[in-house]
Amino acid sequence: MNNGPELSPGTFDRVTAGRPAVKVWGAPAIARILGVSVDTVYQLAKDPKSPVYKPSGYFAYRNELEAWLRTKP
């Protein structure tokens, strides 16, 4: 059992501030983080507003994914 403070978006931001950007490689790994299907990741890569990139393979930065997820209902 964790006796630390409740994790809120503000707390999360303070805990992760200054952490180096971590690249997540591959549509399956991105899908696991987002909780979506691989096909959805392929669709997201087509949207210039999403943090999923496809220059030569799919990748994303974990911190960008986390920030993008915070904007979703």
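**Close-up views of the predicted model**

View 1. E66 is buried, with a relative accessible area of 15%, where buried means under 20%, exposed over 50% and partly exposed in between (1.4 Å probe, protein chains only). Its partner R62 is partly exposed, at 34% relative accessible area, and the two residues form a salt bridge whose closest N and O atoms are 3.1 Å apart. The count of salt bridges (a side-chain nitrogen of Lys or Arg within 4 Å of a carboxyl oxygen of Asp or Glu) comes to one. R62 and E66 are four residues apart in helix α4 (residues 62–70), a separation of about one helical turn; helices (H or I, at least four residues) and strands (E, at least two) are DSSP runs numbered from the N terminus.

This is a predicted model, in which local features need pLDDT of at least 70 and side-chain atom pairs count only at pLDDT 80 or more, whereas totals for chains, interfaces and linings use all residues. Residues are numbered from 1 along each chain as its sequence is written, and side-chain values use heavy atoms, with hydrogens and water left out.

View 2. S50 lies in the loop between α3 (38–46) and β2 (52–53). This residue is buried at 4% relative accessibility, and it contacts (heavy atoms within 4.5 Å) L44, A45 and W68, residues up to four places away in sequence not being counted.

View 3. L34, in helix α2 (residues 27–34), is buried at 12% relative accessible area. Beyond its neighbours within four places in sequence, L34 is in contact with L44, L65, W68 and L69; the C-alpha atoms of L34 and L65, which are 31 residues apart along the chain, are separated by 7.6 Å.
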